[in-house]
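Let's take a walk through this structure, starting with what sits around one of its ligands. Keep the picture open while you read, and find each residue as it comes up.

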Amino acid sequence: MSSRDSVEDSKSPLRVAIVGMGTVGTAVARILTEHGERTARRAGRPIELRKSVVRDLRKSRGISLPEGVLTDDLEAVIADPEIDLAVHLIGGIEPAQEILMRLLEAGKDVVTANKAVLCQHGPELFARARELGRSISFEAAVAGGVPIISTLAQSLAANQITSIEAILNGTSNFILTEMLSRDRSYAEALREAQKRGYAEADPVMDVDGTDAAQKLVILAELAFGTRVPLAAFPRQGIDALDLADLQYARELGYTVKLLAVARLGNGELEMHVQPTLVRHDRPLAKIDGAFNMIAVEGDAVGTTWYSGPGAGGPETASAVVADVIDAAIGRAALTFPLLDVRRNSPLPLKPAEDVARRYYLRFHVEDRPHVLADIADVLGRHGISIASLIQHEADEPNGGAQSAEGADGAAIVPLVIMTHRTAEGKLRAADRELDGLAALRPPRIRMPVAD
Ligand code: NAP
Ligand code: HSE
């Protein structure tokens, strides 16, 4: 019996298996077992946790479950006709994708938090679920506890969405906040994010922009009816930034955020995920720690903001259990088919080279005559105008705390340039020429400004 069939009988329990009992799975099990009365009241019927699947039965989960619930026998759970709904909470692509497909094939509705799988395999999984008359719910896959999927799919359905600007990775936002406000090193802040359960099993995806980009693909499909492949738009993480960049940005009146943007203009979709300077007084600049924020602009409503915890066990479990309740009520069965919002002809992507913004550029340069003039000359010949610059004096002549030595004993000092609005393509061309300037040393940092 599926959740859809059993909705006829509002008192029959929805029988659930959790596949994956890590940070999120354990928190979901806790809500289902400790707040059964509350969830039953909201769902109009009991929600019964039948099985919880793990790989390693010896690992402590910090939760006591009824005898026989915890199992490492995934095959038995897939084959069990008495499981109506699977809560799929394993990360990565494989075997997570294959397991999700097999759960559907076995006749179960699925709730998942796995954005990596939905980003890469969403279309085929959704198509198969529809053929089978099953549903996939995924509120927790984007922005953790913030209900942005139902907002885009239902609450803003009257609008043509015109832009999404968002902080979508809790780990990156936590690291940026910790570095700047608590003077923690990048490595220390990342370790703390892992300890708190914010990071993916492989945290590279968090800090290199992949996780935020996967979530943006999902939001853009709901908002614009177009599925954009991950590789089709620029994606950059926070892993190359130094504390100095965050401090310079603050000096200039900005906060650095890993910003995911999808914007509709002149029939083209602009998409990118990049560390970005956001003016201090904008709501997005004020989002600290593992919180996420999504600013959504619709043609009728204007701009609306959604923010809250983007990662963490109980925070994410809040969204997962809401999806389970939706399935128990029968709401998921009604709304899932309507999520197929794809246009007949996909929106074209705006070429990255044509996207025009102001930019923050940080160079490491030899502190000697004409270096600034050389850089300004390259930028100027590519039509890039300088708006302001910061160069602090080296601590001591010919070296100092912040500097290595260049040719002729010249100190290496940071130089920060803010440009006027310019196209990304012009900057890329200038970058190639800047590579040839002997007085420049790596790294070179380039971040757009969100105006
Ligand atoms: P996690 O802590 O790494 O837990 C993963 C769980 O899956 C573990 O219990 C593991 O079992 C189990 N597992 C892995 N492969 C399995 C397999 N082949 N068969 C059976 N069980 C398997 O992950 P998480 O942080 O809870 O995240 C789960 C999902 O939610 C991911 O897709 C993640 O992107 C997403 N998500 C996480 C957060 C967050 O804040 N953590 C927020 C939103 C979305 P063992 O414990 O026995 O190894
Ligand atoms: N690792 C993710 C993050 C979890 O830090 O945002 C939420 O998807």
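First, a heads-up: what you're looking at is a predicted model. Let's start with ligand 2 and find Asp206, which has a polar side-chain atom 2.7 Å from a nitrogen atom of this ligand. Now look for Glu200: a polar atom of its side chain also lies 2.7 Å from a nitrogen atom of ligand 2.

How much of ligand 2 does the protein cover? On its own, ligand 2 has 260 Å² of accessible area, and the protein covers 93% of that. Two elements give two or more residues each to the shell around ligand 2: α8 (170–182) and α11 (210–224). The shell has 13 residues, and Lys115, Gly170, Thr171, Tyr198 and Asp206 come nearest. Sorted by class, you get four nonpolar, four polar and five charged residues around ligand 2.

Next stop: ligand 1. This one is surrounded by 24 residues, with Asp56, Arg61, Lys115, Glu200 and Gly312 as the closest.

| Residue | Atom in the residue | Atom in ligand 1 | Distance |
|---|---|---|---|
| Gly22 | backbone N or O atom | oxygen | 3.1 Å |
| Asp56 | polar backbone atom | oxygen | 2.9 Å |
| Arg61 | side-chain N or O atom | oxygen | 2.6 Å |

As for cover, ligand 1 has 900 Å² of accessible area on its own, and the protein covers 87% of it. Which classes of residue make up the shell around ligand 1? There are 10 nonpolar, eight polar and six charged residues.

For helix α15 (residues 371–381) and helix α16 (residues 424–434), the angle is about 145° and the axes are 9 Å apart. The crossing of α15 past α16 is right-handed.

Which residues meet where α15 and α16 pack? On the α15 side they are Ile375, Val378, Leu379 and Arg381, and on the α16 side they are Ala430, Glu433 and Leu434. By class, this contact between α15 and α16 has five nonpolar residues, no polar ones and two charged ones.

Note on methods. Residues are numbered from 1 along each chain as its sequence is written. Chains are lettered from A and ligands numbered from 1 in the order in which they are written. This is a predicted model: local features need pLDDT of at least 70, side-chain atom pairs count only at pLDDT 80 or more; totals for chains, interfaces and linings use all residues. Side-chain values use heavy atoms; hydrogens and water are left out. A residue is near a molecule or strand if one of its heavy atoms lies within 4 Å of it. A polar contact is a pair of N or O atoms within 3.5 Å; within protein, one must be able to donate a hydrogen and the other to accept it, and residues adjacent in sequence count only if both atoms are side-chain atoms. Accessible areas come from the Shrake-Rupley method with a 1.4 Å probe; for residues, only the protein chains shown count as cover. Helices (H or I, at least four residues) and strands (E, at least two) are DSSP runs, numbered from the N terminus. Ala, Val, Leu, Ile, Met, Phe, Trp, Tyr, Cys and Pro count as nonpolar, Asp, Glu, Lys and Arg as charged, and the others, Gly among them, as polar. Axes are lines fitted to C-alpha atoms, for helices over the stretch in contact, and angles run from 0 to 180 degrees between N-to-C directions. A crossing is left-handed if the near helix is turned anticlockwise from the far one by less than a right angle, and right-handed if clockwise. Contact means heavy atoms within 4.5 Å.
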